[in-house]
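Visitor: I would like to go through this model step by step. Please show it first, and then take my questions in turn.

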Amino acid sequence: MGEPLRSGAIDQDVLDRSRRIGWLDLDAVSKARVLMVGAGAIGNEVAKDLVLSGFKRVTIVDMDHVVGSNLSRCLFFSKQDAREKRKKAEVVAKGLTNLAEDVEAVAITSRVEDLPASAFHVHDIVLGCLDNVAARIHVGSHAYAENKVLIDGAMDGFVGKVMVARPPEGACLQCGMNRTHSKIASLRFSCTGREVVFHEPLIPAEITTTSVIAAVMVREALKVVSGKHERLLSNCFYYDGLRNVSEEMEVPRDPACAVHSRPH
Amino acid sequence: MKNAETGATVEMELENENTVDEVIESAATFWSKDMGAYVLRKGKKVLRGGSNLGESGIRADDVLELIPDPEGGRL
(Lines give C-alpha, C1' and ligand atoms only; values in the text may rest on other atoms or scores of the structure.)
Protein backbone atom coordinates (compact mmCIF):
# COMPACT_ATOMS: atom_id res chain seq x y z
CA MET A 1 0.00 0.00 0.00
CA GLY A 2 1.23 3.50 -0.83
CA GLU A 3 0.63 6.69 1.08
CA PRO A 4 -3.00 7.07 2.22
CA LEU A 5 -5.08 9.53 0.22
CA ARG A 6 -5.54 12.77 2.11
CA SER A 7 -8.01 15.52 1.37
CA GLY A 8 -6.28 18.56 -0.11
CA ALA A 9 -3.07 16.65 -0.73
CA ILE A 10 -2.77 17.93 -4.30
CA ASP A 11 -2.57 21.48 -3.07
CA GLN A 12 0.46 20.55 -0.99
CA ASP A 13 2.29 19.04 -3.93
CA VAL A 14 4.63 21.73 -5.24
CA LEU A 15 4.77 20.15 -8.69
CA ASP A 16 1.11 19.15 -8.98
CA ARG A 17 0.41 21.47 -11.92
CA SER A 18 3.52 20.29 -13.74
CA ARG A 19 2.46 16.67 -13.24
CA ARG A 20 -0.64 17.47 -15.30
CA ILE A 21 1.59 17.95 -18.36
CA GLY A 22 1.62 14.39 -19.60
CA TRP A 23 4.98 14.29 -21.39
CA LEU A 24 6.99 15.86 -18.57
CA ASP A 25 9.04 13.16 -16.86
CA LEU A 26 9.42 14.77 -13.46
CA ASP A 27 11.20 11.77 -12.02
CA ALA A 28 13.91 12.09 -14.67
CA VAL A 29 13.95 15.86 -14.17
CA SER A 30 14.55 15.50 -10.44
CA LYS A 31 17.42 13.06 -11.03
CA ALA A 32 19.13 14.91 -13.89
CA ARG A 33 22.52 16.43 -13.10
CA VAL A 34 22.72 19.89 -14.61
CA LEU A 35 25.93 21.81 -15.21
CA MET A 36 25.12 25.50 -15.43
CA VAL A 37 28.05 27.59 -16.60
CA GLY A 38 27.72 31.28 -15.80
CA ALA A 39 25.74 32.70 -12.88
CA GLY A 40 24.99 36.21 -14.07
CA ALA A 41 21.84 37.55 -15.67
CA ILE A 42 20.84 34.53 -17.73
CA GLY A 43 22.24 32.21 -15.05
CA ASN A 44 20.03 33.65 -12.31
CA GLU A 45 16.91 33.23 -14.43
CA VAL A 46 17.89 29.79 -15.65
CA ALA A 47 18.66 28.62 -12.11
CA LYS A 48 15.31 29.85 -10.83
CA ASP A 49 13.41 28.23 -13.72
CA LEU A 50 15.31 24.97 -13.30
CA VAL A 51 14.44 24.54 -9.67
CA LEU A 52 10.83 25.70 -10.02
CA SER A 53 10.53 23.16 -12.86
CA GLY A 54 11.64 20.32 -10.60
CA PHE A 55 15.39 20.02 -11.26
CA LYS A 56 17.14 19.19 -8.01
CA ARG A 57 20.80 18.65 -8.86
CA VAL A 58 22.48 21.75 -10.18
CA THR A 59 26.17 22.62 -10.36
CA ILE A 60 26.86 26.31 -10.86
CA VAL A 61 30.16 27.56 -12.25
CA ASP A 62 31.24 31.20 -12.11
CA MET A 63 34.49 32.80 -10.98
CA ASP A 64 33.08 36.29 -10.63
CA HIS A 65 31.62 38.24 -7.73
CA VAL A 66 28.39 40.24 -7.53
CA VAL A 67 28.46 43.94 -8.47
CA GLY A 68 25.74 46.55 -8.21
CA SER A 69 25.02 46.66 -11.96
CA ASN A 70 23.93 43.00 -11.83
CA LEU A 71 21.00 43.79 -9.58
CA SER A 72 18.61 44.95 -12.33
CA ARG A 73 18.58 41.46 -13.82
CA CYS A 74 19.54 39.00 -11.10
CA LEU A 75 16.87 37.69 -8.78
CA PHE A 76 19.22 36.10 -6.27
CA PHE A 77 21.64 39.01 -5.80
CA SER A 78 21.33 41.81 -3.24
CA LYS A 79 23.12 45.06 -2.49
CA GLN A 80 24.75 43.32 0.44
CA ASP A 81 26.13 40.62 -1.87
CA ALA A 82 27.62 43.39 -4.02
CA ARG A 83 29.05 45.27 -1.02
CA GLU A 84 30.64 42.08 0.31
CA LYS A 85 31.75 40.96 -3.16
CA ARG A 86 30.19 37.55 -2.70
CA LYS A 87 30.81 34.96 -5.38
CA LYS A 88 27.95 34.73 -7.87
CA ALA A 89 27.97 30.93 -7.95
CA GLU A 90 27.71 30.70 -4.15
CA VAL A 91 24.93 33.27 -3.92
CA VAL A 92 22.89 31.50 -6.60
CA ALA A 93 23.45 28.11 -4.95
CA LYS A 94 22.23 29.51 -1.64
CA GLY A 95 19.24 31.11 -3.37
CA LEU A 96 18.26 27.80 -4.92
CA THR A 97 18.24 26.01 -1.59
CA ASN A 98 16.00 28.79 -0.28
CA LEU A 99 13.61 28.13 -3.17
CA ALA A 100 13.50 24.39 -2.53
CA GLU A 101 15.21 22.87 0.46
CA ASP A 102 15.80 19.47 -1.18
CA VAL A 103 17.90 20.96 -4.00
CA GLU A 104 21.54 19.90 -4.21
CA ALA A 105 23.19 23.07 -5.49
CA VAL A 106 26.97 22.97 -5.79
CA ALA A 107 28.94 26.17 -6.42
CA ILE A 108 32.26 26.10 -8.27
CA THR A 109 34.04 29.44 -8.17
CA SER A 110 36.81 28.74 -10.65
CA ARG A 111 37.09 29.76 -14.28
CA VAL A 112 35.21 27.51 -16.65
CA GLU A 113 38.47 26.98 -18.55
CA ASP A 114 39.90 25.37 -15.40
CA LEU A 115 37.13 22.80 -15.08
CA PRO A 116 38.37 19.27 -15.67
CA ALA A 117 36.80 17.29 -18.50
CA SER A 118 35.30 15.04 -15.82
CA ALA A 119 33.06 17.93 -14.77
CA PHE A 120 31.28 17.63 -18.10
CA HIS A 121 31.30 13.86 -17.98
CA VAL A 122 29.45 13.54 -14.66
CA HIS A 123 26.58 15.80 -15.66
CA ASP A 124 23.66 14.90 -17.91
CA ILE A 125 23.14 18.25 -19.58
CA VAL A 126 24.99 21.57 -19.86
CA LEU A 127 23.41 25.02 -19.84
CA GLY A 128 25.63 27.83 -21.11
CA CYS A 129 24.85 31.21 -19.56
CA LEU A 130 28.02 32.93 -20.72
CA ASP A 131 29.06 36.32 -21.99
CA ASN A 132 31.82 35.76 -24.50
CA VAL A 133 32.75 33.73 -27.54
CA ALA A 134 35.95 32.26 -26.07
CA ALA A 135 34.15 30.68 -23.12
CA ARG A 136 31.42 29.40 -25.46
CA ILE A 137 34.00 27.71 -27.64
CA HIS A 138 35.52 26.06 -24.56
CA VAL A 139 32.24 24.86 -23.07
CA GLY A 140 30.83 23.88 -26.46
CA SER A 141 33.78 21.73 -27.45
CA HIS A 142 33.96 19.97 -24.06
CA ALA A 143 30.23 19.29 -23.90
CA TYR A 144 30.27 17.94 -27.46
CA ALA A 145 33.30 15.75 -26.77
CA GLU A 146 31.52 14.30 -23.73
CA ASN A 147 28.39 13.71 -25.79
CA LYS A 148 26.28 16.04 -23.63
CA VAL A 149 23.53 18.24 -24.98
CA LEU A 150 24.47 21.90 -24.58
CA ILE A 151 21.79 24.57 -24.43
CA ASP A 152 23.46 27.92 -24.89
CA GLY A 153 21.79 31.29 -24.35
CA ALA A 154 23.00 34.74 -25.31
CA MET A 155 21.58 38.23 -25.62
CA ASP A 156 22.34 41.79 -26.60
CA GLY A 157 19.77 44.36 -25.60
CA PHE A 158 16.40 43.17 -26.86
CA VAL A 159 17.89 40.49 -29.11
CA GLY A 160 18.54 37.01 -27.82
CA LYS A 161 19.32 33.57 -29.05
CA VAL A 162 19.26 30.00 -27.81
CA MET A 163 21.19 27.27 -29.54
CA VAL A 164 20.81 23.57 -28.80
CA ALA A 165 23.88 21.52 -29.71
CA ARG A 166 23.11 17.81 -29.84
CA PRO A 167 26.04 15.48 -30.29
CA PRO A 168 26.91 13.37 -32.09
CA GLU A 169 24.86 14.28 -35.15
CA GLY A 170 23.90 17.91 -34.61
CA ALA A 171 25.66 21.16 -35.31
CA CYS A 172 27.87 22.44 -32.49
CA LEU A 173 28.27 26.05 -31.40
CA GLN A 174 31.33 26.49 -33.60
CA CYS A 175 29.44 25.34 -36.69
CA GLY A 176 27.54 28.63 -36.44
CA MET A 177 30.60 30.82 -36.00
CA ASN A 178 32.64 32.70 -38.58
CA ARG A 179 35.56 35.12 -38.82
CA THR A 180 33.77 37.83 -36.82
CA HIS A 181 33.55 35.42 -33.87
CA SER A 182 37.24 34.53 -34.17
CA LYS A 183 38.13 38.21 -34.22
CA ILE A 184 36.35 39.10 -31.00
CA ALA A 185 37.50 35.89 -29.29
CA SER A 186 41.12 36.68 -30.14
CA LEU A 187 40.84 40.10 -28.53
CA ARG A 188 40.60 38.44 -25.13
CA PHE A 189 44.05 36.94 -25.43
CA SER A 190 47.54 38.37 -25.62
CA CYS A 191 50.07 37.19 -28.19
CA THR A 192 51.35 34.71 -25.60
CA GLY A 193 47.98 33.02 -25.44
CA ARG A 194 47.42 34.15 -21.87
CA GLU A 195 44.03 35.61 -21.18
CA VAL A 196 44.29 39.31 -20.51
CA VAL A 197 40.66 40.35 -20.96
CA PHE A 198 41.36 43.84 -22.22
CA HIS A 199 38.35 43.55 -24.47
CA GLU A 200 35.35 42.95 -22.26
CA PRO A 201 32.63 45.07 -23.79
CA LEU A 202 29.69 45.98 -21.59
CA ILE A 203 26.82 44.51 -23.56
CA PRO A 204 23.39 46.12 -23.28
CA ALA A 205 21.05 43.97 -21.20
CA GLU A 206 17.70 44.12 -19.46
CA ILE A 207 15.55 41.65 -17.60
CA THR A 208 12.68 41.01 -20.02
CA THR A 209 14.88 39.61 -22.78
CA THR A 210 16.90 37.74 -20.16
CA SER A 211 13.71 36.10 -18.89
CA VAL A 212 12.56 35.04 -22.35
CA ILE A 213 15.92 33.51 -23.26
CA ALA A 214 16.29 31.72 -19.92
CA ALA A 215 12.75 30.34 -20.15
CA VAL A 216 13.38 28.90 -23.60
CA MET A 217 16.63 27.33 -22.37
CA VAL A 218 14.99 25.60 -19.43
CA ARG A 219 12.04 24.49 -21.54
CA GLU A 220 14.50 22.81 -23.91
CA ALA A 221 16.25 21.21 -20.92
CA LEU A 222 12.90 19.78 -19.78
CA LYS A 223 12.40 18.28 -23.24
CA VAL A 224 15.89 16.77 -23.30
CA VAL A 225 15.53 15.16 -19.89
CA SER A 226 11.97 13.99 -20.56
CA GLY A 227 13.04 12.33 -23.82
CA LYS A 228 10.96 14.69 -25.95
CA HIS A 229 13.74 14.97 -28.52
CA GLU A 230 11.44 15.33 -31.52
CA ARG A 231 10.21 18.62 -30.08
CA LEU A 232 13.62 20.11 -29.38
CA LEU A 233 14.84 23.17 -31.22
CA SER A 234 16.58 21.72 -34.21
CA ASN A 235 19.27 24.39 -34.09
CA CYS A 236 18.79 27.97 -33.09
CA PHE A 237 16.00 30.09 -31.64
CA TYR A 238 16.38 33.76 -32.50
CA TYR A 239 14.36 36.39 -30.64
CA ASP A 240 13.87 40.05 -31.45
CA GLY A 241 12.12 41.57 -28.48
CA LEU A 242 11.81 45.00 -30.06
CA ARG A 243 9.58 43.61 -32.80
CA ASN A 244 8.28 40.77 -30.58
CA VAL A 245 9.13 38.14 -33.15
CA SER A 246 10.98 34.89 -32.83
CA GLU A 247 11.95 32.25 -35.32
CA GLU A 248 13.93 29.07 -35.60
CA MET A 249 17.01 29.14 -37.80
CA GLU A 250 18.98 26.27 -39.22
CA VAL A 251 22.70 26.10 -38.46
CA PRO A 252 24.11 23.40 -40.75
CA ARG A 253 26.71 21.07 -39.32
CA ASP A 254 30.13 22.13 -40.58
CA PRO A 255 32.50 19.17 -41.02
CA ALA A 256 35.38 21.66 -41.22
CA CYS A 257 34.71 23.33 -37.87
CA ALA A 258 37.24 22.87 -35.09
CA VAL A 259 35.03 20.41 -33.20
CA HIS A 260 33.93 18.20 -36.09
CA SER A 261 37.28 18.14 -37.86
CA ARG A 262 39.09 16.95 -34.74
CA PRO A 263 40.35 13.37 -35.07
CA HIS A 264 38.57 10.93 -32.72
CA MET B 1 21.76 42.56 -48.66
CA LYS B 2 19.51 43.47 -45.77
CA ASN B 3 20.53 44.93 -42.44
CA ALA B 4 18.38 43.09 -39.89
CA GLU B 5 18.79 45.80 -37.27
CA THR B 6 17.66 48.76 -39.38
CA GLY B 7 15.82 47.20 -42.31
CA ALA B 8 18.18 49.00 -44.71
CA THR B 9 19.14 47.24 -47.92
CA VAL B 10 22.02 47.51 -50.35
CA GLU B 11 22.77 45.76 -53.61
CA MET B 12 26.09 43.92 -53.67
CA GLU B 13 28.02 42.70 -56.69
CA LEU B 14 29.49 39.35 -55.76
CA GLU B 15 31.18 36.39 -57.39
CA ASN B 16 30.65 32.73 -56.65
CA GLU B 17 34.18 32.66 -55.23
CA ASN B 18 33.45 35.30 -52.59
CA THR B 19 33.29 33.72 -49.16
CA VAL B 20 30.53 34.31 -46.63
CA ASP B 21 33.18 35.76 -44.29
CA GLU B 22 34.09 38.35 -46.92
CA VAL B 23 30.47 39.30 -47.50
CA ILE B 24 29.85 39.71 -43.77
CA GLU B 25 32.88 41.95 -43.38
CA SER B 26 31.95 44.07 -46.40
CA ALA B 27 28.39 44.56 -45.22
CA ALA B 28 29.42 45.25 -41.61
CA THR B 29 31.92 47.85 -42.80
CA PHE B 30 29.41 49.44 -45.18
CA TRP B 31 26.88 49.88 -42.38
CA SER B 32 29.59 50.90 -39.87
CA LYS B 33 28.63 48.10 -37.52
CA ASP B 34 30.10 47.97 -34.03
CA MET B 35 32.75 45.36 -33.45
CA GLY B 36 30.98 42.13 -32.66
CA ALA B 37 29.81 38.86 -34.10
CA TYR B 38 27.47 38.76 -37.08
CA VAL B 39 26.05 35.99 -39.18
CA LEU B 40 24.66 35.94 -42.68
CA ARG B 41 21.51 34.09 -43.44
CA LYS B 42 19.45 33.18 -46.44
CA GLY B 43 15.91 32.51 -45.39
CA LYS B 44 16.05 30.31 -42.30
CA LYS B 45 19.55 29.04 -42.99
CA VAL B 46 22.72 30.46 -41.44
CA LEU B 47 25.55 30.44 -44.00
CA ARG B 48 28.95 28.96 -43.13
CA GLY B 49 31.67 31.57 -42.80
CA GLY B 50 34.38 29.74 -44.72
CA SER B 51 32.23 28.56 -47.61
CA ASN B 52 31.93 30.52 -50.82
CA LEU B 53 28.68 31.75 -52.28
CA GLY B 54 28.68 29.12 -55.01
CA GLU B 55 28.98 26.31 -52.47
CA SER B 56 26.27 27.93 -50.36
CA GLY B 57 23.84 27.85 -53.28
CA ILE B 58 23.54 31.63 -53.47
CA ARG B 59 22.25 32.94 -56.78
CA ALA B 60 21.81 36.35 -58.35
CA ASP B 61 18.93 38.30 -56.80
CA ASP B 62 18.94 36.26 -53.60
CA VAL B 63 18.34 38.36 -50.51
CA LEU B 64 20.86 37.79 -47.74
CA GLU B 65 20.44 39.22 -44.27
CA LEU B 66 23.14 40.36 -41.88
CA ILE B 67 22.11 39.71 -38.30
CA PRO B 68 23.94 40.34 -35.03
CA ASP B 69 24.93 37.23 -33.11
CA PRO B 70 24.46 38.16 -29.44
CA GLU B 71 27.30 37.42 -27.05
CA GLY B 72 26.15 38.62 -23.63
CA GLY B 73 24.37 37.05 -20.70
CA ARG B 74 26.66 36.75 -17.72
CA LEU B 75 27.76 40.26 -16.70
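Visitor: How many helices and strands does chain A have?
Guide: The model is predicted, and the elements are read from it. Helices and strands both occur in chain A. The count for chain A is 10 helices and 8 strands.

Visitor: What is the radius of gyration of chain A, and what does the globule rule give for 264 residues?
Guide: For 264 residues the globule rule gives 18 Å, and the value for chain A is close to that, so chain A is as compact as a globular protein of that length. Along its principal axes, the C-alpha trace spans about 70 × 45 × 40 Å. Of the 264 residues, 44% count as buried. The radius of gyration of chain A is 19 Å, against 18 Å from the rule.

Visitor: Which strands are the edge strands of the sheet in chain A?
Guide: The sheet is open, with 8 strands in the order E3-E2-E1-E4-E5-E6-E7-E8 and mixed pairing. An edge strand here pairs on one side only. From one strand to the next the twist averages 15°. The edge strands of chain A are E3 (104–108) and E8 (245–249).

Visitor: In which sense do E1 and E2 of chain A pair, parallel or antiparallel?
Guide: Strands of a sheet pair through backbone hydrogen bonds, in one sense or the other. E1 (residues 33–37) and E2 (residues 57–61) of chain A are joined over 5 bridges, and Leu35(A) stands opposite Thr59(A). The sense of the pairing between E1 and E2 of chain A is parallel.

Visitor: Which strands of chain A does helix H10 of chain A touch?
Guide: Helix H10 (residues 207–225) packs on the sheet, and its direction makes about 170° with that of E5(A). Another helix, H6 (residues 88–99) of chain A, lies across E2 and E3 at about 175° to E3(A). The strands touched by H10 of chain A are E4, E5, E6 and E7.

Visitor: Which elements of chain B give two or more residues to the side that touches chain A?
Guide: In the contact between the chains, 22 residues of chain B meet 33 residues of chain A. The chain B side divides into 10 nonpolar, 5 polar and 7 charged residues. The elements are H1 (20–30), E2 (38–42) and E3 (45–46) of chain B.

Visitor: What do the buried residues of H1(B) pack against?
Guide: Val20(B), Val23(B), Ile24(B) and Ala27(B) are buried in H1(B). Seen down the axis of H1(B), they fall within an arc of 100°, so they line one face of the helix. The buried residues pack against H9 (179–186) of chain A, together with E2 and E4 (65–68) of chain B.

Definitions and conventions: Residues are numbered from 1 along each chain as its sequence is written. Chains are lettered from A and ligands numbered from 1 in the order in which they are written. This is a predicted model: local features need pLDDT of at least 70, side-chain atom pairs count only at pLDDT 80 or more; totals for chains, interfaces and linings use all residues. Two strands pair if DSSP finds at least two bridges between them. Helices (H or I, at least four residues) and strands (E, at least two) are DSSP runs, numbered from the N terminus. Axes are lines fitted to C-alpha atoms, for helices over the stretch in contact, and angles run from 0 to 180 degrees between N-to-C directions. Two residues are in contact if their C-beta atoms, placed from the backbone, lie within 7 Å. Ala, Val, Leu, Ile, Met, Phe, Trp, Tyr, Cys and Pro count as nonpolar, Asp, Glu, Lys and Arg as charged, and the others, Gly among them, as polar. The radius of gyration is taken over C-alpha atoms; the globule rule is 2.2 Å times the number of residues to the power 0.38. A residue is buried if 20 or more other C-beta atoms lie within 10 Å of its own, exposed if 12 or fewer, and partly exposed in between; C-beta atoms are placed from the backbone. The arc is that of the directions from the helix axis to the C-beta atoms.
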